[in-house]
Amino acid sequence: MSRILPNTRLGYLASRNGPPVFLAPSPFLYCQTPASFSTSSPVAQRRTRRKHAPHPNRGVSALRRTGLRNPVEMDKYPLPVPVLDPEKRSKVAVDKKHGLWGFFRSDKKALNTPEETAAFGRPWVVEELRHKSWEDLHSLWWICCKERNLLATQAYERDRLKAGFGEAEILERNRAARQTQKAIKHALTERYYAFEDARRVAVADPEVDLEAEPGTQAYTPIYSDEAALEPQYPVNQRASNSSAA
Amino acid sequence: MPAPKPSTLGPLQPNRFRPPRGQKRVYLPNFTLTLLRTPFAPPNYATFLTPLHLNKLDLKDYLYNLYGVQVLSVRSYVQQARVRQDKPGARLPKPRRWYRPRASKKMTIEMPATSPFLYPDAPTDFTPWDKEMQERALEAREKEQKAMGAEGSRLPKEDGKTLREQAEELLKGKKAWRPGWTDWDLGGRPKGEVGAGVGM
């Protein structure tokens, strides 16, 4: 057929003697087109995206949770499932001596009752602190800092839980810590003023040498009436002996 | 010279912690840290409410020297407060006199994975705090404030129902009206059964 039908003349004859033209097979249906001749593999063709080609990730949506178009290596392994029940989660071992326990009392409770909070002594007063060294006062200040941090943590937790009463007890204890801090500053200020006064006196005193080297004599009595008091005050005697030597 | 010690196998993730070299000398700090409950954070993270002037280095130094906590890294976040009308505690709060309360600063520290910390559980029994009593007190106060407010006179009255019943009884003639002072004697004491009669 394919050899005969391309002949238009035969086709014309067939329309005259046989079936009508529109029923005849298309003359181009069976015509042999030359195959494309190429030795390169189709997979080696250049992978450039054509202008109106669909996007390679078309249809992939994180919002609609479609998943990827092609399987990936990770598909062999199941996804981890979150444990929504807090009781089924693995327990965390907390060190008993962890530093953050400093924000809680020794019973390690999140919130102490108002009775427990109200059970405390009294703030330090200035009279007691006047006799303490700077190291003692400094340690006491930091203890007050820790106590106030603890109370702030408990006050926040009490508010969050809407636990009920107990605000006044926390405030009272915080006030005691602040009064202690105030007393510490009071004692230190007094000490500083005393030092300043002593220094001012020493500057005006001709017996005192403020620029003396450490370890050398800074006080030299020059008045005779002090020499008369020597037998009564062994300290002065020692000073005069060393000055004589 | 002693022989060098043989090297031992260390952990896979070495301790990244380096002690802070505090150069800022603060002798008498006067602020508070608040440890916050963060149930959704990993156990080696802790969050604090800090003053606005505190920076990351300060926090690391403070926690190491005061609490012995090793801090690997710090994140900070300043939360702006909502704008409100007039200052809190103003006698007559003026509208459109805008006021923004002070912002709050939160800092999250990362501790080594080997030293996790969990905030202790909250109490379940609030009897020592008298929670129910406080709730009732707050409820009563709110009710009273509402009654004293601008819309207070339009609120339904609590004794409205009984007043209506008494009025209906009077209108139907079931009860005879008598003046209220007749229920009291001259000394101001109730005379007989007060509740039986209809009051003023």
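**Exercise 1. Find how strand E2 of chain B is joined to strand E6 of chain B, and in which sense they run.**

Step 1: E2 covers residues 45-50 and E6 covers residues 104-110; strands here are DSSP runs of E, at least two residues, numbered from the N terminus, while helices are runs of H or I, at least four.
Step 2: 6 bridges join the two, and they run antiparallel; a pair needs at least two DSSP bridges.
Step 3: For a landmark, look at B:Leu49, which sits opposite B:Lys106 of E6(B).

Before going on: this is a predicted model, where local features need pLDDT of at least 70, side-chain atom pairs count only at pLDDT 80 or more, and totals for chains, interfaces and linings use all residues. Residues count from 1 along each chain as written, chains are lettered from A and ligands numbered from 1 in written order, and side-chain values use heavy atoms, without hydrogens and water.

**Exercise 2. How many bridges link strand E3 of chain B to E6(B)?**

Step 1: Go to residues 73-79, which make up E3.
Step 2: Count 7 bridges to E6(B), again in the antiparallel sense.
Step 3: Check B:Ser73, whose bridge partner is B:Glu110.

**Exercise 3. Compare the reach of helix H4 of chain A with its expected span.**

Step 1: H4 runs over residues 134-161, 28 residues in total.
Step 2: Just past H4(A), A:Lys162 has a positive phi of about 50°.

Definitions and conventions: The expected span of a helix is 1.5 Å times one less than its number of residues.
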